[in-house]
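Please walk me through this structure in the viewer. Tell me what to select at each stop and what is there.

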Amino acid sequence: MYITRWAVLLSVFWLLLSGYIQPLLLSFGAISVIVVLVVLQRMNDVDQKQQPLGTGLPLIRYLPWLFGQIVSSSIHVTKLIWGSAEKVSPSFAKIDIKEVPDNCHALYANSVTLTPGTLSVDLVDGVVSVHALQKSSIEAIKQGAMQRKIAGIWGERK
């Protein structure tokens, strides 16, 4: 059932991205999906732990908030780029993500990277290294709104 879900999800995703329904392209898509499924099965055989699909209510609750953050920060970065160079103050910081559940550390790091003006550079032992165009962006990340959002949606740290 696990592999079947992934097969359906990947096939639909491939069709949405390609937009073509021609025999040659469909065969390329099928081959791509099969290769990914074989790799996924081999990875599951190695670690003996299947990762659930990240769908459902938590995803529905998180994506609108994340999209809002992306739009808001995009506007901020656009103003920063069009404004004077003095407003740019590149900064780098290591952020402890103790509030984020262990299985969501990569989600947190990717969410930081998706937010314009910030980039997750490294993720080691619950500490994310972040580069930002402005020092105020680092301060906003340190305030922990994204950490609290992820912890609130995907549960407490285990």
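**Before selecting anything**

This is a predicted model, in which local features need pLDDT of at least 70 and side-chain atom pairs count only at pLDDT 80 or more, while totals for chains, interfaces and linings use all residues. Residues are numbered from 1 along each chain as its sequence is written, and side-chain values use heavy atoms, with hydrogens and water left out.

**The whole chain**

Show the protein chain as a cartoon. It has six helices and three strands; these are DSSP runs, with helices being H or I of at least four residues and strands E of at least two, numbered from the N terminus. Along the sequence the pattern reads α-α-α-β-α-β-β-α-α. The radius of gyration of the protein chain is 19 Å, well over the 15 Å that the globule rule gives for 158 residues, so the chain is more spread out than a compact globule. That radius is taken over C-alpha atoms, and the globule rule is 2.2 Å times the number of residues to the power 0.38. Along the principal axes, the C-alpha atoms fill a box of roughly 55 × 40 × 25 Å.

Colour by accessibility next. Of the 158 residues, 28% are buried. Buried means under 20% relative accessible area, exposed means over 50%, and partly exposed lies in between, using a 1.4 Å probe and protein chains only.

**The sheet**

Select β1 (91-96), β2 (118-124) and β3 (127-132). In what order do the three strands lie in the sheet? The order is β1-β3-β2, in an open sheet with antiparallel pairing. β1 and β2 stand at the edges with a single partner strand each, so one side of each has no neighbour in the sheet. From one strand to the next the twist averages 20°. Strands count as paired if DSSP finds at least two bridges between them.

Six bridges join β1 to β3, and Ala93 has Val130 as its bridge partner in β3. β2 is also joined to β3 by six bridges; here Thr118 has Ala132 as its partner in β3. Helix α4 packs on the sheet, touching β1, β2 and β3, and its direction makes about 155° with that of β2. Such angles run from 0 to 180 degrees between N-to-C directions, and axes are lines fitted to C-alpha atoms, for helices over the stretch in contact.

Now show the side chains of β1. Its covered face holds Ser91, Ala93 and Ile95, and its uncovered face holds Phe92, Lys94 and Asp96.

**Helix α4**

Select residues 105-114. The buried residues of α4 are His105, Tyr108, Ala109, Ser111 and Val112. They cover an arc of only 160° around the axis, which puts them on the same side of α4; the arc is that of the directions from the helix axis to the C-beta atoms. These buried residues pack against α3, β1, β2, β3, α5 and α6, where contact means heavy atoms within 4.5 Å.

α3 and α4 pack at an angle of about 35°, with their axes 9 Å apart. Tyr62, Leu66 and Ile70 of α3 meet Leu107, Ser111 and Leu114 of α4.

**Helix α5**

After α5 comes Gly144, whose phi is positive, near 85°.

**Two loop residues**

Select Gln134, in the loop between β3 and α5. Is Gln134 buried or exposed? At 12% relative accessibility, Gln134 counts as buried. Leaving aside residues up to four places away in sequence, Gln134 touches His76, Leu80, Lys87, Ser89 and Ser91.

Finish with Lys98, in the loop between β1 and α4. Lys98 counts as exposed, at 54% relative accessibility. Select Gln147 as well: C-alpha to C-alpha, Lys98 and Gln147 are 8.3 Å apart in space, and they are 49 residues apart in sequence.
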